[in-house]
Amino acid sequence: MKRSSVATCCGGGDVQRGHRRGRAVQVIKPATETPLVLLAFVQALMDAGVPAGALNAVTTSSPNDVMEPLIRSGLARKLSFTGSTAVGVKLLEQDAEQVLSTSLELGGNAPFIVFDDADLQVAIDALMMNKMWNAGQTCTSANRIFVHSTIIDRFQEMLVERMSGYVQGNWAEDGVNLGPLINARQVANVAAIVDDAVAKGAKLVVGGGHPDRPGYFHQPTVLRDVPADALLNTEEIFGPVAPLIPFEDESDVVRRANDTDYGLVAYVFTQNLHRAVRVCEALETGNVGLNRGTVAYAAAPFGGVKKSGLGREGSWEGLDEFLETKFVALQM
């Protein structure tokens, strides 16, 4: 928790800190489609003794109608938002009027780079954990999987074997190990991204459609040789789709990995320490996972560059986001 504020993760929430009669209060809008976790967290804070009125959760199906007046009121001292870049841009426009301190954790377009000297089992295990967590609906999910041309065939075989082993359905059902997407709109978005890649020349290796069952599902999908002009190179997939893109040399893959408006996280797999240092330093992202598929820890700073956000969560950097520096010069 960030000092006297609470923020949602994945899906969008706003936190505003205002002062009324000398007391700081928080106004929190849970994510519209996934409000229950944050509401349970608020209840836990109440049970722990947070004073009545210090923390206020507001649910709404019209977020802008609720949050914009609060932002423009002049009462807010801080805004924190986790969600899409498009919404983050709108919030920044509203914040500008009050010069409101803002922290944003926005979209990503994570490159997942596997060099020819990588331990493929380590890379595959990391990719499965990273890509398939929450059915691919996380801002840190691998979006573009760059694999060296000399090992991409073997990597593809291993990936297809793992992707073909998922059983989709209700998590309460026996044997299910992959849940649904958030809604019908997201299913359509993922399908459109896959169809666009195939139409532009990518090879559909496995999956690509909807399972024969009710619900908001998209099959675990592997694409091969995705062209540079495919939508998935510029848009977050947010679904169980793994696009394989071959590369030849280090400088080229770094250039392609950085060829995006986003810079939240990247993943690098190599056993060459010198290469690891070079590539990690060259990647334009706020976080890098080296030979691992996770980067988020409470004790570590997390956040992006470019259109992936402003500021950091976690560690002392995350606390600093909610503090102001004051210098007092005293004449003795």
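Rings of Phe, Tyr and Trp (its six-membered ring) count as an aromatic pair if their centres lie within 6.5 Å; planes under 30 degrees apart are stacked, over 60 edge-to-face, and the rest tilted. The model is predicted: local features need pLDDT of at least 70 and side-chain atom pairs pLDDT 80 or more, while totals for chains, interfaces and linings use all residues. Residues are numbered from 1 along each chain as its sequence is written, and side-chain values use heavy atoms, with hydrogens and water left out.

**View 1. Aromatic pairs.** Three aromatic pairs are found in a search of the whole structure. In the pair of Phe112 and Tyr267, the ring centres are 5.8 Å apart and the planes meet at 40°, so the pair is tilted. Phe112 belongs to strand 6 and Tyr267 to strand 12 (residues 265–269), so this pair ties together parts 155 residues apart in sequence. Helices (H or I, at least four residues) and strands (E, at least two) are DSSP runs numbered from the N terminus. Phe112 is buried, with a relative accessible area of 0%, and Tyr267 is buried at 0% relative accessibility. Here buried means under 20% relative accessible area, exposed over 50%, and partly exposed in between (1.4 Å probe, protein chains only). Phe115 and Phe247 form an edge-to-face pair, 5.4 Å centre to centre with 85° between the planes. Phe115 sits in the loop between strand 6 and helix 4, and Phe247 in strand 10, so the pair ties together parts 132 residues apart in sequence. Both Phe115 and Phe247 are buried. Phe112, Tyr267 and Phe269 make up one aromatic cluster.

**View 2. Nonpolar cores.** A nonpolar core is a set of buried Ala, Val, Leu, Ile, Met, Phe, Trp, Tyr and Cys residues joined through side-chain atoms within 4.5 Å. The largest core has 57 residues, of which Phe112, Val114, Ile145, Phe155 and Leu159 touch the most other members. Helix 4 contributes the largest share of this core, seven residues. Another core, of eight residues, lies apart from it and includes Ile71, Leu79, Leu91 and Leu104.

View 3. The expected span is 1.5 Å times one less than the number of residues. Ile152, Phe155, Gln156, Met158, Leu159 and Met163 are buried in helix 5. These residues cover an arc of only 170° around the axis, which puts them on the same side of helix 5; the arc is that of the directions from the helix axis to the C-beta atoms. The buried residues of helix 5 pack against several elements, including strand 6 (110–114), helix 4 (120–132) and strand 7 (142–148). Leaving aside neighbours within four places in sequence, Phe155 is in contact with Val114, Leu120, Ala123, Ile124, Leu127, Ile145, Val147 and Leu244. Contact means heavy atoms within 4.5 Å.

**View 4. Pro180 in its loop.** Pro180 is found in the loop between helix 5 and helix 6 (184–199). The residue is partly exposed, with a relative accessible area of 37%. Beyond its neighbours within four places in sequence, Pro180 contacts Ala135, Gln137, Gly169, Tyr216 and Phe217.

**View 5. Asn143 in strand 7.** Asn143 lies in strand 7 and counts as buried at 3% relative accessibility. Leaving aside neighbours within four places in sequence, its contacts are Asn109, Ala110, Leu232, Glu235, Glu236, Ile237 and Pro243.

**View 6. Helix 1.** The twelve residues of helix 1 should span 16 Å at 1.5 Å a residue, and the end C-alpha atoms are 16 Å apart, which agrees. Leu38, Val42 and Leu45 are the buried residues of helix 1. Their arc around the axis is only 60°, which puts them on the same side of helix 1. The face turned away from the buried side carries the exposed residues Leu36, Val37 and Asp47. Leu45 counts as buried at 12% relative accessibility. Gly49, which follows helix 1, has a positive phi, near 110°.
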